[in-house]
Amino acid sequence: MKALTPFGAALAILALSELTGCRGDSDGLDLPKTAKVLHLASVADVPSLDPAVGYDTSSWGFEQMIFDTLVRYSDAGVDLVPDLATQWEIAPDAKSLTFHLRRDASFTNGRAVVSGDFKYAIERVLTPSVRSKGTEYFRSIVGAEDFVAGRAKEVTGIENPDAWTIIFRLTEPDPIFVQKLAMPFAAAVPREAVDQWGNDDFSRHVIGSGPFTLKEWRSGERIVLVRNPHYFDPSWPRLDAIVQLIGVDLDLEWLKFETGELDVSAIPPAEFLRVMKTPKLKALAEHIVTLSTDYLGMNCQMKPFDDVRVRRAFNLAIRKDKASAILNGRAVPAVGILPPGLPGYDPNIDGYPYDPTKAKALLEAAGVGRDFAPTLWMRADQTEMTLGESIQQDLAEVGVHAVLKPLAWSSLLEAIRQPNTADLFSLGWEADFPDPQNFLEVLFAKKQFGANNDTFYSNPQVEKLLAEAAPVSDLSRRYQLYDQAQKLIMQDAPWVVLYHPVSYVIRQPWVHDYILNPMRPTRLERVWISAREGEQQTR
Amino acid sequence: MNGKTNLMELCGAIMIGLLAVIAIAAPLFAPYDPTRAVAASFGDPQGPSHAFLLGSDELGRDVLSRIIWGARISLIIGIAAMLVTLTIGVTIGLMSGFFGGTIDFCLMRVTDMMLAFPTLLLAMAFVTVLRPSLSTILLVIGLVSWTSIARVVRAETLSLSQRDFVRAAQALGAPSSRLIARHILPNALPIIVVMAALGTSGTLLLDAGLSFLGLGVPPPTPSWGRMIEEARIYFRTAPWLALFPGLAILYAVLGFNLLGYGYLRRRGRNTSVTMR
Amino acid sequence: MIAYILRRFAIGVGVLIGISLITFLIAFAVPADPAIAVAGAKADPKTLAEIRAQLGLDQPLYRQYLRYMHRIAHGDLGRSYVRRESVTSLIAQRFPATAILAISATVCSLALGILMGLVSAARRDRLLDHTMLFISLGFVSMPVFWLGTILLIAAAFWLRALPLGGFGDWRALILPTITLTLSSAGYYSRILHTNLTEALSQDYVRTARGKGLSPIRIVVKHALANAMLPLLTLAGLDLAGLLSGVVLTETVFNWPGIGRLAYEAVFNLDIPLIMGTVLFGALLVVIANIVVDLLYAWIDPRIRLGESA
């Protein structure tokens, strides 16, 4: 016991210093006291700031602040607006696109942004050693496959006739190719910076042309962006700096928000009900219906789901309003496959009503006995489990006894892509581009067996419609064709559509113009801060 | 001293007996079907009321019925897993203690390995690999819990082997199997019985822990540990949801602990035999 | 003595190798493609194949194992599939949180346990003894995650000052420590109580009492030292166990420690991270065991000379 005392004291000091850290009044940055700083927090560290590598919400949120693309989405919507391209033309055959760049944009190392920087960026994404997840989006450019295979030293389909023009030539008509250029994968990247740091370290030393630059990134601690004084539009950003604390999980984030330390926060599930019941807090909560659909997929090749009557029965047996209620309003019940807000969405589509009697009748007609026990494959997380149990309840009412099979994310994906493995599964799909093709073709076309068509659904009529719609540039005709396809698919019922998730955040009263966008993280250059008025009381 | 410590054993036995009765006669005691939505409280659990004595949960199910039916699963897993543990642990302990030498060395190294493994992680890894079901769970729990029983039985076997009656039988040329079965095992039985009781309390807690982490018996079978996990996000608006299942676990585990420790006390053994 | 130490080390290494083999087999027995964990949900089959080749996942199992062990020998635990950081740095990041919790919990458990044990043994009051026993048994019979949740609820409603989870400042440490302390103190108090009562009934203590020494002095000077040793060694082993991560408590309080890291690794089938955390935990336990064994050997010459442990 004696030996413990000095040891114990040393340990106590270590522990206290570890825990308290240095919490001075300033953020430890060289900023004037009146600086407008936005404080955020996240659980996980930002995976990467390299636009070729980072492919998740967290990385994209920062990449879109540090880099610029040719085009981008508007603040609150899914329409494309100019970013570094002032104007562009898409050929009527949808096989080539021409972009004209603005001349006053420059990287933070002083050099002007030219068309070659975009070609370089996309070639980087197509380079195998970079292991980019964006490779598949650009394979349709002429010469891309040769470049990936190493047979060519450049992608011939990207042309730079001069420093301010860039032309893309595609192997097949693709009216939504322009959407792919709004992804950070296609952001302008300065070659000399990558050469200096190497592909692996570029993420830590990014140089871009966007409204913010990276000032500091202490792994696991925090990441700091400061305003870029050389940004081509001097009226943005309206913040001086953004500080994101890392390793702060949801409950701690909420705590810090309550004490005013953070300016924006997600709402932990445990607090959600309370926030919605408190008018003062509810007024500060922003929400948006995401462009995603959560659904139950049924494998059309496995008995008894190969019988359309069984699939329709499931659609009639499951209560969608219950799912949304369980999520306390963080979801909107789904009627069709496409989410509201997606261009091409049909508000008049007929879904399936809740009709357990009819469901039972259909099951009987299909010869499904009382011993039917399908396995519901799903991701192993709390919300999914609760929803799974809710579905079990609904199915039990019509005599079906579903067995839940929660799996790790990667196991689940692996399993559902194998034919004849998962008969019933719970999944969600989020739009990559605001176009129905991104749902209907990717999820229901025959050529996507083993990739994203996990229900192994195939209907020749639908195939015809999908093939017909893909190259169409006339939007109203395009959406009309896809709508016909959607209706056919709904009739064939390979899915039970459940809900469209709603995303919530809460902001402090002094934070303004924090605008949620359905396709992308919020554009922080629009946010501004007014003078604080006392501490936020939320307990 | 005897009177008071008998009380412990008696208490434990009564508690377990009551639990067994409730478990067996669950359909009689439970007012509702534990898996069906019988209350309109989706996403908003309601507190104890006239219709639902312990409240209703986020999927409209009656908490009381779920706890009553949960007793069944808990007892089945607790006892079955304990039997697996007992079989493995006693076998290893007997062989190790009796034969000594290389066998003892090897078996003890295997025991060391099991002990060095973070138990819960090992159980999690197994359950993730295999499909979570009733049989998998009790097998896995049984597989990771045998080390303490093995050690205790080994120590007991060692000390018994040195006793005169065993030495005598050995000198007379009795085969090992006979020695173990007829002389050692019966004398080690009291301690094995105690370990069985304490072992069940251990398996119950391990099962609760696994269920809490989402790796227990899959839904819709009610499981106390998972009920606590599901109640976590409602801890502000419906704190009782987490309270009742935990009390149930406490009751069951305490019952077995009282039985085991009470028996130990009555026999005059010291109570520092740990189950960890 | 040297031979004994070397033997212990050799056994320790053997145990670690055995554990690495078992973990490796379990990790690869899972029917899932680790490439998906790296590439993400929407990767096309071509990209997945490329990643598989890059990570060497298409090689036979024994080769992968040997490759892995070779790298461990050089201190490289590989890179997490999901987080892309090196496993070593991830463990190093999360270890301090677990360490702080484990150490504070062990210190408090020992303190409380010793206090309870002393009180019930020294006073010889039947009622007190039984009350202590009942309380100890009660806390030991509680699932630790439930105890933590109840404390959390109590804090949310009554003790507004305490943070409800997360790793903020020293106040965040209070609730998880209390949870772990209440769970373990019962064991320690019973062990101490038993050993003390035994020690107190020994002849030399009777002699001391006959000489007229006060009961407290007797307890502290003679009985305590003997009774404490098994307690401290048990606490040491427990500490090692705690250091490999208390998954349940860390989950309840959102404590960013190794336990939680390992749990996420198992769930994401992040094989390098699973291997890393399991081996790390095992290493701690093996080291603790060696230390304890050496301690006992040093104190008790019988063990050194014969092999009866």
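Analyst: **Chain B and its partner**

Let's start with chain B: among its contacts between residues at least 6 apart in sequence, 70% join residues at least 24 apart (a contact means C-beta atoms, placed from the backbone, within 7 Å). Keep in mind that this is a predicted model, where local features need pLDDT of at least 70, side-chain atom pairs count only at pLDDT 80 or more, and totals for chains, interfaces and linings use all residues. Residues are numbered from 1 along each chain as its sequence is written, while chains are lettered from A and ligands numbered from 1 in the order in which they are written.

Chain B has 11 helices and zero strands; these are DSSP runs numbered from the N terminus, with helices being H or I of at least four residues and strands E of at least two. From the N terminus on, its elements read α-α-α-α-α-α-α-α-α-α-α. Along the principal axes, the C-alpha atoms of chain B fill a box of roughly 75 × 50 × 30 Å. Of its 276 residues, 55% count as buried (20 or more other C-beta atoms within 10 Å of a residue's own; 12 or fewer is exposed, and in between is partly exposed).

How far can you trust it? The mean pLDDT of chain B, the predictor's confidence in each residue from 0 to 100, is 86, and 95% of its residues reach 70 or more. Residues 270-276 of chain B are another matter, with pLDDT below 50, although this stretch has 19 contacts in the model beyond near neighbours in sequence. Where pLDDT is low, the predicted coordinates should not be read in detail.

Now for the interface: 39 residues of chain B are in contact with 40 residues of chain C. On the chain B side, H4 (101-116), H5 (119-129), H9 (176-212) and H11 (240-266) each supply at least two residues. H11(B) gives the most, with 10 residues. By class, this side of chain B has 25 nonpolar, nine polar and five charged residues, with Ala, Val, Leu, Ile, Met, Phe, Trp, Tyr, Cys and Pro taken as nonpolar, Asp, Glu, Lys and Arg as charged, and the others, Gly among them, as polar.

Of its 309 residues, 47% are buried, and residues 24 or more positions apart account for 73% of the chain C contacts with a separation of 6 or more.

The axes of H6(C) (residues 126-140) and H8(C) (residues 171-200) come within 7 Å and cross at roughly 135°, so H6(C) is oblique to H8(C). The contact is made by C:Met132, C:Ser136, C:Leu137, C:Phe139 and C:Val140 of H6(C) and C:Leu182, C:Ser183, C:Gly186, C:Tyr187, C:Ser189 and C:Arg190 of H8(C). That works out as six nonpolar, four polar and one charged residues. The axes are lines fitted to C-alpha atoms, for helices over the stretch in contact, with angles from 0 to 180 degrees between N-to-C directions; under 35 degrees is roughly parallel, over 145 roughly antiparallel, 65 to 115 roughly perpendicular and the rest oblique.

Finally, H12(C) (residues 258-268) has 10 of its 11 residues buried, so it is largely enclosed by the rest of the structure. Among the buried residues are C:Arg260, C:Tyr263 and C:Asn268. Just after H12(C), C:Leu269 takes a positive phi of about 55°.

Key:
Contact = placed C-beta atoms within 7 Å.
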